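This briefing is meant to be read alongside the sequence and the coordinates. The points are grouped by topic, from the whole chain down to single residues.

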Amino acid sequence: MAQAPQVEKNVSMGLSLAIIQGAIEQCAKDGYKVSVTIVDKGGNVAAQLRGDGTAPHTLEFSRLKAYTARTRNQTSLQTMKLLEDPANAYMRQIPNVVGVGGGVPIRAGTEVIGGVGVSGAPGGEKDEVCANAGLAKVEAALK
């Protein structure tokens, strides 16, 4: 019996660029210089931008936050809170998963199709605000 190929939703280049632009605009408005990464459904980098004047580590850290949000299907801030419980210490062994705010899953309806990570604002909570602003720019396309 022949099997049909899988058909699945994923982030596109246009969607990635719009999310990045929205996140950068929000952080710039708030006075923060940030880098932003979008990962696709498989956790691979779909788009990445290092903001002007950002520290070198922000590009990689934004990727780790986006990857965490995608693979954990929750914000990286939620992952941080889980890691505070010693019973969840095993999660620290998962490569590339970080427990700090700034990563948010990208959902098409209820399906997680990627993640956005922001790094450079003074605190993960502020990074997450910018990530959510980027997602708000494409909200209609993700329904």
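What radius of gyration would a compact globule with 143 residues have, and what radius does the chain have? A compact globule of that length would have a radius of gyration near 15 Å, and the chain has 15 Å, so the two agree. The model is a predicted one, and the values below should be read with that in mind.

**Overall fold**

- The secondary structure of the chain comes to four helices and four strands, and from the N terminus on these elements follow the order α-β-β-α-α-β-β-α.
- The C-alpha trace spans about 55 × 40 × 25 Å along its principal axes, while 46% of the 143 residues count as buried.
- Among contacts between residues at least 6 apart in sequence, 65% join residues that are at least 24 apart.

**Disulfide**

- The structure holds one disulfide, which is formed by C27 and C130 with their sulfur atoms 2.0 Å apart.
- This pair links distant parts of the chain, since C27 lies in helix α1 (residues 13-29) and C130 lies in helix α4 (residues 124-137), 103 residues apart.
- The torsion about the S-S bond of C27 and C130 is about 110°, and the disulfide is therefore right-handed.
- Are the two cysteines buried or exposed? C27 has a relative accessible area of 0% and is buried, and C130 likewise counts as buried at 0% relative accessibility, because the cut-off for buried is under 20% relative accessible area.

**Nonpolar core**

- The largest nonpolar core has 22 residues, and those with the most contacts inside it are I19, I106, V116 and V118.
- Two or more residues of this core come from each of α1, β1 (35-39), β3 (103-108), β4 (111-119) and α4, with α1 giving the most, namely five residues.

**Helix α2 and S62**

- Helix α2 (residues 57-72) has 16 residues and reaches 22 Å from its first C-alpha to its last, which is close to the 22 Å expected at 1.5 Å a residue.
- The buried residues of α2 are T58, S62, R63, L64, K65, A66, T68, A69 and R70, and what covers them includes β1, β2 (45-50), α3 (76-83), β3, β4 and α4.
- S62, whose place is in helix α2, counts as buried because its relative accessibility is 0%.
- When residues up to four places away in sequence are not counted, S62 touches S35, V36, T37, Q48, G117, V118 and S119.
- Helix α2 is followed by N73, a residue whose phi is positive, near 60°.

- In which sense do β1 and β2 pair, and over how many bridges? They pair in the antiparallel sense, over five bridges.
- V39 has V45 in β2 as its bridge partner.
- The hairpin has five residues between the strands, and within this hairpin G43 takes a positive phi near 85°.

Methods:
Residues are numbered from 1 along each chain as its sequence is written. This is a predicted model: local features need pLDDT of at least 70, side-chain atom pairs count only at pLDDT 80 or more; totals for chains, interfaces and linings use all residues. Side-chain values use heavy atoms; hydrogens and water are left out. A disulfide is a pair of cysteine sulfur atoms within 2.5 Å. Buried means under 20% relative accessible area, exposed over 50%, partly exposed in between (1.4 Å probe, protein chains only). A nonpolar core is a set of buried Ala, Val, Leu, Ile, Met, Phe, Trp, Tyr and Cys residues joined through side-chain atoms within 4.5 Å. The expected span of a helix is 1.5 Å times one less than its number of residues. Contact means heavy atoms within 4.5 Å. Two strands pair if DSSP finds at least two bridges between them. The radius of gyration is taken over C-alpha atoms; the globule rule is 2.2 Å times the number of residues to the power 0.38.
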